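Here is a short report on one protein chain. Take a look at the sequence and the structure before reading on.

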Amino acid sequence: MRSTAEARRATVLNAAVSAFARTGFHATPVTAVAAAAGISEAYVFRLFSGKLGLFVAAAGACFERIVVALEAGAERAGDAGPEEVLEAMGDAYAELIADRDLLLFQVQAQAVTDVPEVAEAVRAGYKRVATFVRSRSGASDAQVQQFFAYGQLCHLIVTAGLEQVAEPWARALTAGIRHP
């Protein structure tokens, strides 16, 4: 059984991902996260070392959710080859980013990588994901790069709503890509 502080920490991180996804790091006050989590701002500061610490922890939680989803996708693929495992991981990731908050949080985090602690958290998150993808799938570096490139294209398609644009340029970007 988790302690109250651990449970509250998880609740605050979920609220933080949602709040920061909507208004970004700079425009989101800790009071908004605390209110969304149903706790006091003072308690948030007891759990995290300020707004930056909260944002960095939320980034870690975001990447944790990604790894868990990719792991589930890989499990569905079983002992298949790299291409099949990557496809199953991609499908699991597409399901995960149907949660727009998680997707938009990633975009917001990348947007503030001029803050050294955020840049470090984003790099650590991608390191963890890339290392997992490569080791679990057995894919080559080129395949891992293509997997990530495809994922970033998926981010663009979902955030910009390109699947709803019936113009040739949008059809070219969305061809063959499906999302739940």
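Does Asp101 count as buried, partly exposed or exposed? At 21% relative accessibility, Asp101 counts as partly exposed. Buried would mean under 20%. Keep in mind that this is a predicted model.

## Helix α6

Asp101 belongs to helix α6, which covers residues 100-111. The helix has 12 residues. At 1.5 Å a residue they should span 16 Å, and the end C-alpha atoms are 16 Å apart, so the two values agree.

Which residues of α6 are buried? They are Leu102, Leu103, Phe105, Gln106 and Ala109. These residues cover an arc of only 160° around the axis, so they sit on the same side of α6. Their cover includes α1, α4, α5 (82-96), α7 and α8 (141-160).

## Salt bridges between helices

Side chains of opposite charge can pair when their charged atoms come close. The count here is four salt bridges.

One of them joins the side chains of Arg22 and Asp101, at 3.9 Å from N to O. Arg22 lies in helix α1 (residues 4-27) and Asp101 in α6, so the pair ties together parts that are 79 residues apart in sequence. Arg22 is exposed, at 56% relative accessibility. Asp101, as noted, is partly exposed.

Another salt bridge pairs Glu64 with Arg128. Their closest N and O atoms are 2.5 Å apart. Glu64 is in helix α4 (residues 50-77) and Arg128 is in helix α7 (residues 116-137), so this pair links parts 64 residues apart in sequence. Glu64 is partly exposed at 31% relative accessibility. Arg128 is partly exposed too, at 40%.

## The Arg134 pair

Arg134 forms a salt bridge with Asp141. Here the closest N and O atoms are 2.7 Å apart. How open are the two partners? Arg134 has 41% relative accessibility and counts as partly exposed. Asp141 has a relative accessible area of 55%, so Asp141 is exposed.

## A nonpolar patch

The surface also carries nonpolar side chains. Leu156, Trp169 and Leu173 form a patch there. Together they have about 270 Å² of accessible area.

Where is Leu173 found? Leu173 is in helix α9, which runs over residues 168-174. At 33% relative accessibility, Leu173 counts as partly exposed.

Methods. Residues are numbered from 1 along each chain as its sequence is written. This is a predicted model: local features need pLDDT of at least 70, side-chain atom pairs count only at pLDDT 80 or more; totals for chains, interfaces and linings use all residues. Side-chain values use heavy atoms; hydrogens and water are left out. Patches are made of residues with over 30% relative accessible area and no salt bridge: like charges are joined within 9 Å, nonpolar side chains (Val, Leu, Ile, Met, Phe, Trp, Tyr) within 5 Å. Accessible areas come from the Shrake-Rupley method with a 1.4 Å probe; for residues, only the protein chains shown count as cover. Helices (H or I, at least four residues) and strands (E, at least two) are DSSP runs, numbered from the N terminus. Buried means under 20% relative accessible area, exposed over 50%, partly exposed in between (1.4 Å probe, protein chains only). The expected span of a helix is 1.5 Å times one less than its number of residues. The arc is that of the directions from the helix axis to the C-beta atoms. Contact means heavy atoms within 4.5 Å.
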